[in-house]
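Here's a quick tour of some strands, rings and charges. Have the model open while you read.

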Amino acid sequence: MKQGEKKRLVTDYVTINSFTLLEAYLLPDIEDLVNRIARDKYFSSIEIRLACHQVPLLAEERHCTAFEADGRLFQYKRLPLGVTNGVSAFQRSIDEFIKRHRLKNIYAYLDLTVTGETHEEYDTNLKCLLNAAAECNLTINEEKSEFRVTDLEMLGYLVAFKQINPDPNLCKLY
């Protein structure tokens, strides 16, 4: 373990994952998403703290996450990392959150991106997102989020108003 890292629980779901049917809920198309975001001038990239762990599991599905530790049996009440369809379930829950709260110019690709053409529009969109998140107890990792920027590194691109370029940090000259 590296110095300064926190200990975290790791559960092996290889067996249960081999019996799990794959869900067909797709992540958004990256190019389409980046093109829509580049229509605006102001951006925020919002990381959701402990992303999957914010998705509650149905009581009748918790037994599928059972694990033994120190002679006791435990079950997750929230979606654990490493289960098949976990990413799809998280993306679906975020998409439903955006739709349910009628959030405008909020885009989800696991993390959230808030945009606005003007400062006022951007501020309104961000405020609506933060209010909805507070109402639903959805916590945001402010340390890993960026607020009110005019260019944004995302999904392999550097995005600005009407500009989409490869992320220079990912491009290497040989």
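## Charges over rings

A charge counts as sitting over a ring if NZ of Lys or CZ of Arg is within 6 Å of the ring centre and within 35 degrees of the ring normal. Keep in mind that this is a predicted model.

Take Lys 41: its charged end sits over the ring of Phe 161, 5.1 Å from the ring's centre. Then there's Arg 92, which lies over the face of Tyr 25 at 5.7 Å from the ring centre.

## The aromatic cluster

Searching the whole structure turns up two aromatic pairs. Phe 67 and Phe 74 have ring centres 5.6 Å apart and planes at 25°, so that pair is stacked. The rings of Phe 67 and Tyr 76 have their centres 5.5 Å apart, but with planes at 45° the pair is tilted.

Put together, the ring pairs link Phe 67, Phe 74 and Tyr 76 into a cluster. Phe 67 and Tyr 76 are both buried, while Phe 74 counts as partly exposed because its relative accessibility is 30%.

## A three-stranded sheet

Strands S7, S8 and S9 make an open sheet in that order, paired antiparallel. S7 (151–154) and S9 (163–166) are the edge strands, each pairing on one side only. From one strand to the next, the twist averages 20°.

Four bridges hold the antiparallel pairing of S7 with S8 (residues 157–160), and Leu 152 has Val 159 in S8 as its bridge partner. Helix H2 (residues 30–37) lies across S7, S8 and S9, at about 30° to S8.

## A hairpin

S4 (residues 106–109) and S5 (residues 111–116) run antiparallel, joined by four bridges. Tyr 107 has Thr 113 in S5 as its bridge partner. The two strands S4 and S5 form a hairpin with one residue between them, and Leu 110 in the turn has a positive phi of about 65°.

Key: Residues numbered from 1 in each chain as written. Predicted model: local features only at pLDDT ≥ 70, side-chain atom pairs only at ≥ 80, totals over all residues. Heavy atoms only, no water. Pairing = 2+ DSSP bridges. Axes fitted to C-alpha atoms, helices over the stretch in contact; angles between N-to-C directions. Contact = heavy atoms within 4.5 Å. Phe/Tyr/Trp six-rings, centres within 6.5 Å; stacked < 30°, edge-to-face > 60°. Buried < 20%, exposed > 50% of the residue type's maximum accessible area, 1.4 Å probe, protein only.
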